[in-house]
Amino acid sequence: MELFDLIKALILGFVEGMTEFAPVSSTGHMIIVDDMWLRTEEFLGKYSANTFKIVVQLGSILAVVVVFWKRLFSLIGLYQGDVTDGKMSERFNLLHVIIGMLPAVIIGFAFKDFIDDHLFSVKTVIWALVAGAILMIAADKLGPKKPRITSLDQITYRQALAIGLVQCLSLWPGFSRSGATISGGVLFGLNHKTAADFTFIMAVPIMAGASLVSVMKNFDEMTAAHLPFYIIGFVSAFIFALISIKFFLKLIDKIKLTPFAIYRLVLAAVLAWVVF
């Protein structure tokens with residue numbers, strides 16, 4: 001594999017890490033950058049390139065584990081000290097996470113082939129950017145002015161399921177997992193910061209599982225020569241995600257979702273002008 005090919009992995013890792021936690025769709029941005037510029041499909045193959053776009057997100061997910069390690073470890077009984085809100089979790093537990101991720105897992109398994117074959121393109125991402133932006137604006141406009149849920153420990157199982165159902169929209173590349181789940185959380189009574197916290201914690205098992213399934217499905221398409229590309233993309237995503245995650249969590253409660261929605265609409269308009 002040539003040096004410039006490895007630089008492409010670094011660039012895609014940067015795009016993933018810097019956009020994973022903003023509701024703008026990291027996968028959508030990687031598809032845009034890749035299809036319109038880097039064209040990794042030419043040397044990785046279609047399915048290996050699609051798998052990379054999913055697996056590289058594990059770098060960002062590892063950043064989530066680093067930032068939320070107390071809360072995550074407390075969910076599985078490996079940490080007994082104080083969690084991020086200064087007290088042990090009495091209500092938020094592993095069942096909330098399972099309920100929240102289950103709908104997307106079921107739908108993802110059922111439509112994995114369709115998603116791989118038909119939704120990984122710039123044209124479908126354009127429509128997803130617009131649809132996600134509409135949902136985000138609706139959440140800011142229709143969500144309660146004074147949210148009842150201001151910490152993870154106040155989330156009910158019913159709210160976790162409702163957010164999980166909205167998360168299914170993020171299986172459409174370009175829609176944005178964080179955009180869908182934060183919007184869903186806000187619509188169902190969470191403040192933006194708590195919705196973001198739940199989104200990132202729920203992302204750990206669901207993205208790890210999605211990566212494993214994608215690797216197993218496309219294993220025959222991958223070769224040892226692809227490994228350096230995957231490793232560089234993973235490390236790059238991890239480093240840049242660490243930089244961006246804390247900044248986003250401080251920002252989201254201040255500016256809400258609408259500025260990100262406007263960015264998505266502008267990006268979609270530019271892309272539509274270029275593509276169509």
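Before anything else, one term: a crossing of two helices is called left-handed if the near helix is turned anticlockwise from the far one by less than a right angle, and right-handed if it is turned clockwise. Please also keep in mind that what you see is a predicted model.

With that term in hand, let us begin with helix H1, residues 3-19, and helix H2, residues 26-38, which pack at an angle of about 150° with their axes 8 Å apart. Angles over 145 degrees count as roughly antiparallel, and H1 and H2 are therefore roughly antiparallel to each other. Their crossing is right-handed. On the H1 side the residues that meet H2 are Lys-8, Ile-11, Leu-12, Val-15, Glu-16 and Thr-19, and on the H2 side their partners are Ser-26, His-29, Met-30, Val-33, Asp-34, Trp-37 and Leu-38.

Ser-25 has a phi near 80°, which is a positive value in a residue other than glycine. Is Ser-25 buried or exposed? With a relative accessible area of 3%, Ser-25 is buried.

Let me turn to a second pair, helix H11, residues 177-187, and helix H12, residues 192-217, whose axes come within 9 Å and cross at roughly 135°. That angle makes H11 oblique to H12. The contact between them is made, on the H11 side, by Arg-177, Ser-178, Thr-181, Ile-182, Gly-185 and Val-186, while H12 contributes residues including His-192, Ala-195, Ala-196, Thr-199 and Phe-200. Here too, the crossing is right-handed.

H11 deserves a moment on its own, because ten of its eleven residues are buried, so it is largely enclosed by the rest of the structure. Among those buried residues are Gly-179, Ala-180, Ser-183 and Gly-184. What covers them? The cover over the buried residues of H11 includes helix H5 (57-67), helix H9 (122-142), H10, H12 and H13. After H11 comes Gly-189, whose phi is positive, near 105°.

As for H12, its 26 residues should span 38 Å at 1.5 Å a residue, and its end C-alpha atoms are 36 Å apart, which agrees. Even so, H12 bends by about 35° at Ala-203, and a proline, Pro-205, follows within four residues. Ile-201 also lies in H12, and at 0% relative accessibility Ile-201 counts as buried. Which residues does Ile-201 touch, if we do not count those up to four places away in sequence? They are Val-64, Phe-68, Arg-71, Leu-72, Leu-75, Phe-92, Val-97 and Leu-152. Take Phe-68 as an example: Ile-201 and Phe-68 are 133 residues apart in sequence, yet their C-alpha atoms are 7.4 Å apart in space.

Another buried residue is Ala-160, which has a relative accessible area of 0% and lies in helix H10, residues 157-167. Leaving aside neighbours within four places in sequence, Ala-160 is in contact with His-96, Ile-99, Gly-100, Ile-155 and Phe-198. Val-66, on the other hand, is 94 residues away from Ala-160 in sequence and 23 Å away in space, C-alpha to C-alpha.

Asn-50, found in helix H4, residues 46-55, counts as buried at 5% relative accessibility.

I will finish with helix H13, residues 227-255, which has 29 residues and reaches 39 Å from its first C-alpha to its last, close to the 42 Å expected at 1.5 Å a residue. H13 bends by about 30° at Ala-241, and Ala-241 is one of the buried residues of H13, which also include Phe-229, Tyr-230, Phe-238, Phe-248 and Leu-249. The phi of Lys-256 is near 65°, a positive value in a residue other than glycine. Lys-256 is partly exposed, with a relative accessible area of 31%.

Key:
Residues numbered from 1 in each chain as written. Predicted model: local features only at pLDDT ≥ 70, side-chain atom pairs only at ≥ 80, totals over all residues. Heavy atoms only, no water. Helix = DSSP H or I, 4+ residues; strand = E, 2+ residues; numbered from the N terminus. Expected span 1.5 Å × (residues − 1). Bend = angle between axes of the 7 residues up to and from the residue. Buried < 20%, exposed > 50% of the residue type's maximum accessible area, 1.4 Å probe, protein only. Axes fitted to C-alpha atoms, helices over the stretch in contact; angles between N-to-C directions. Parallel < 35°, antiparallel > 145°, perpendicular 65-115°, else oblique. Contact = heavy atoms within 4.5 Å.
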